[in-house]
Amino acid sequence: MSKQPPIRTLVGEGTVIEGEIRFTEGLRIDGRVMGNVIALGDGRNLLVIGDKASIAGRVKAGHVIVNGEVRGPVESDELLELQPRARIEGNVRYERLEMHQGAQVHGELKPLNAEDKPALRLAANANVAAVGHNTKVAGDRQSQESS
């Protein structure tokens with residue numbers, strides 16, 4: 001995997017920005033942003049949302065690391081890392097997802113290429129179907145043995 005882009009911009013703790021932030025390469029947010037945070041261009045980019053940061057708006061970047069709060073949709077077209085203190089209220093779209101214990105998402109988690117894939121079935125439903133199937137198979141074996 002190639003080297004991460006450098007973080008060239010920092011929104012420090014105690015800083016409040018009202019309005020949209022557009023960036024290239026790397027951005028770290030430790031303050032508060034009331035507006036969208038969007039990476040520009042086709043190159044690799046990195047957005048780090050620190051544990052004391054909060055964003056009220058849309059977030060879109062390649063590699064996104066969240067350990068703070070986001071109130072709005074999040075889209076990552078490379079890798080989305082949800083650290084233990086991450087709190088997201090909004091729908092999440094991602095190419096790849098890494099979610100640590102303690103991270104919270106109040107919204108829909110959906111891969112970017114989900115339209116190409118069939119919907120997932122819940123494991124609980126699959127187990128019920130498997131149990132019912134196994135019972136039938138066991139019954140079939142008994143009837144075969146008695147024949």
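E20 counts as partly exposed at 38% relative accessibility, a class lying between buried (under 20% relative accessible area) and exposed (over 50%; 1.4 Å probe, protein chains only). The model is predicted, with local features requiring pLDDT of at least 70 and side-chain atom pairs pLDDT 80 or more, whereas totals for chains, interfaces and linings use all residues. Residues are numbered from 1 along each chain as its sequence is written, and side-chain values use heavy atoms, leaving out hydrogens and water.

E20 forms a salt bridge (a side-chain nitrogen of Lys or Arg within 4 Å of a carboxyl oxygen of Asp or Glu) with R22, their closest N and O atoms being 2.5 Å apart; R22 itself is exposed, at 54%. The count of salt bridges comes to 8.

## The R8–E25 contact

Another salt bridge joins the side chains of R8 and E25, at 2.4 Å from N to O. Because R8 lies in strand β1 (residues 7-11) and E25 in the loop between β3 (21-23) and β4 (26-29), the pair ties together parts 17 residues apart in sequence. R8 is exposed at 58%, while E25 is partly exposed at 29%.

Strands here are DSSP runs of E, at least two residues long, numbered from the N terminus, and two of them pair if DSSP finds at least two bridges between them. Strand β9 (residues 59-66) is mostly covered, with 7 of its 8 residues buried. It runs parallel to β6 (residues 37-39), joined by 2 bridges, with V37 opposite V59. Strand β7 (residues 46-49) is likewise parallel to β9, through 4 bridges, and L47 has V64 as its bridge partner.

Strand β11 (residues 74-82) is joined to β9 by 7 bridges, again in parallel, and K60 stands opposite E75. The side chains of K60 and E75 also meet in a salt bridge of 3.7 Å, N to O; since K60 belongs to β9 and E75 to β11, the pair ties together parts 15 residues apart in sequence. K60 is partly exposed at 23%, and E75 is partly exposed at 23%.
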